[in-house]
Each structure stands twice: as C-alpha cells, then as structure tokens.
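Here's a quick tour of a structure, written for someone who likes cut-offs spelled out. Have a look at the model first, then read on.

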Amino acid sequence: TTLFRSRVSVSQVEYTAQDFELVGIKEDQTDVLSQKTTSFWGQVFHTFARNKLALFSVALLVVIALLAIFVPMFWPISFSDQTGSYNTAPNATYLFGTDNLGRDVFVRVWVGARISLFIGLIAAVIDLVIGVLWGATAGVLGGRVDDVMMRIADVLTALPYLLVVVLVMVVLDKGLLPMIVALSLTGWVRMARIVRGEVLSIKNQEYVLASRTLGASTWHLIRRHLIPNALGGIIVTMTLSIPGAIFTESFLSYLGLGVTQPMASWGTMASEGNEALATAPWRLIFPALLISITIFAFNTIGDGLRDALDPKLRK
C-alpha cells in the first residue's frame, strides 16, 4: 500500500520548462556553426593585421611612396633649380635645406625616392620571375636537369655579388637600365633555391601525382599546383629582396656608379652630402635617414609575412 501511494503522488507532480535542460546544440548556435570557415589567406591577413609594427611599416611605405609621387609634381621648386641659396640650413622655405649648388634638398630627396624605390622593385620583380621559373623547373624535372641547373646557380653564388655588380656597371656605364641589369644578374639565385626546395616538398603530394597521372604537362603542374602552394615562401623572399636591392643601389650610387646628374637617388645624395658632413650635415642626414627607414620597413613587413604564413607561428 505504501509503494502504491508513493507512485501515485509522484505521477501527480507538475513539471515546467525550467525543470529541463536542453542537451546538445542550442538553436542560436546553429548559425555560428553554419558560417563559412576562414580561408588560409584570410587567416594570414588576420594574423598579419595583429602585428602592429608590420602595419605601421606598411603605412610608412605608403606615405613615402605618395610623397615620392606627388611632391616633385606640385612642389614650387624643381629638383634641378639653383635657387642661389648655397648650403642653407633647413628653414621654413627649404624644409631640408639646400646643397652646394643651391638646389632644394627636400624635393631632391623625393625624386631620389622615386629612383631608389623603382630600381628596388624592378630588380625584385626580375629576381622573382627568373628565380621562380628556374627553381620550379629544376625541382619538377629533377635528375640530370636539376643537377645542371643548380650547378649553374652554385657557380653564380660563388661569385662575389658586389664585385659582379660593380664590374657590370663599369662595363655598361651609368644609368637606370645598367643598374637593374647588374642587380638582377645574380640576385635571382636565392629565389631559385627557395622555390626549388618548396617544389621538392610539394611535387610528391597526392594531388600533384593525380594530376600527373591524368596527363598534366610540366608547365600545368608548375602553374596550377606547385607555384600557388609555394606562394608563401615566394612572397616573403621577394619582400626581403627589395631592401637588399635598394641598399645595393644606394651603395653603388655612393661609389659614383649610380644615376647621372642632375638626377638624384638616395645614394648619390648621400655621397654628395658626405663631402660636406662638417659644414652641411643635413645633406647626408635626410637621404641616409630615408634609406634606413625604408629598409627597416621592408624588413619588418617581411618578418610579419613570414610569421603570418608559418602555420606553427600562426597558431
């Protein structure tokens, strides 16, 4: 009788929705789970965006590029005008002072930025094209072709880089085109080695073997599978090669092998300013400072891209 009464009393208890707990996914969470996952390049962008120093360097380069484009266009004084104010210290009229010929250092610095950045970017693009094609071809074909191509790269690597560049500049004379040719003659070797290493690690993956089995050509494999998957290392290497080209151009211009007068680059301005360091130090300080800032910015961006593209560091 006691057992029967207890069952009846339990069955008469009333339950509300608050007495129950939902097990599983709540309705308001289904939209979150159904959202599209972030792509690889999206993750790279978010990781790079968290690097404040790299973002600051990007903004810095944008400002330098804009000033290099627009200052020579709208500044009232031309870079070759001789104002008659010789070795004048920086003031409200001449923001960076004047040189020994009375030319405005401010506008000449931004004209020099055009030349230095142009040479650095063009040399880096040429290194990119030659290095990617050379390294990818050697990595895909392998065997004797790989041995011959990489031995050629070894010979070019064994030659002192600056010595080769100086000799080429002496033979070809001064100017933008000889400078670009000299910088690109052996500058692509590093890119070729990095691309070859990436290709060797990728070409035996299942999707590449499947594409080869289906009759894909070597160029198709390089263009559609190997280069896109090696793009991270390629971008980082190119980013870090730009400041190297800018520094080499500045060094050659400092030695007197750069662009001819009245044109100016940061290297030629630093060379001219070094002669008047004791009497007009601003002629050396401003171009040297911009060289340092630009190289620092490119190196910082390269480090940020390397960290963003590395899965281990990104985690």
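This is a predicted model: local features need pLDDT of at least 70, side-chain atom pairs count only at pLDDT 80 or more; totals for chains, interfaces and linings use all residues.

Residues are numbered from 1 along each chain as its sequence is written, and side-chain values use heavy atoms, with hydrogens and water left out.

Back to Asp154. Its salt-bridge partner is Arg193, with the closest N and O atoms 2.0 Å apart. Arg193 sits in helix α9 (residues 189-202) and Asp154 in helix α6 (residues 143-158), so this pair ties together parts that are 39 residues apart in sequence. Arg193 is partly exposed too, at a relative accessible area of 35%. There's also a network here: salt bridges link Arg151, Asp154 and Arg193.

A salt bridge here means a side-chain nitrogen of Lys or Arg within 4 Å of a carboxyl oxygen of Asp or Glu. Side chains of opposite charge can pair when their charged atoms come close. The structure holds five salt bridges, and the table lists some of them.

| Pair | N to O distance |
|---|---|
| Arg193 and Asp154 | 2.0 Å |
| Arg103 and Asp99 | 2.8 Å |
| Asp303 and Arg306 | 3.8 Å |

Are the two partners Arg103 and Asp99 buried or exposed? Arg103 counts as buried at 5% relative accessibility, and Asp99 is buried as well, with a relative accessible area of 4%.

The Asp303 and Arg306 pair stays inside one helix: the two are three residues apart in helix α14, so about one helical turn separates them. Asp303 is partly exposed at 33% relative accessibility, and Arg306 is partly exposed at 44%.

Helix α14 (residues 282-309) also packs against helix α12 (residues 231-254), at an angle of about 170° and with the axes 9 Å apart. Axes are lines fitted to C-alpha atoms, for helices over the stretch in contact, and angles run from 0 to 180 degrees between N-to-C directions. α12 and α14 are therefore roughly antiparallel to each other, the label for angles over 145 degrees. α12 passes α14 in a left-handed crossing, so called if the near helix is turned anticlockwise from the far one by less than a right angle. Residues making the contact (heavy atoms within 4.5 Å) include Ile235, Leu240 and Phe247 of α12 and Ile295, Phe298 and Arg306 of α14. By class, this contact has 13 nonpolar, six polar and one charged residues; Ala, Val, Leu, Ile, Met, Phe, Trp, Tyr, Cys and Pro count as nonpolar, Asp, Glu, Lys and Arg as charged, and the others, Gly among them, as polar.

Most residues other than glycine have a negative phi. Asn87 has a positive phi of about 50° although it is not a glycine. Asn87 is in the loop between α4 (52-74) and α5 (105-141), and counts as partly exposed at 31% relative accessibility.

Zooming out, the protein chain has 15 helices and zero strands; these are DSSP runs numbered from the N terminus, with helices (H or I) of at least four residues and strands (E) of at least two. Buried residues make up 39% of the 315 residues in the protein chain.

Technical notes
Angles under 35 degrees count as roughly parallel, over 145 as roughly antiparallel, 65 to 115 as roughly perpendicular and the rest as oblique. Buried means under 20% relative accessible area, exposed over 50%, partly exposed in between (1.4 Å probe, protein chains only).
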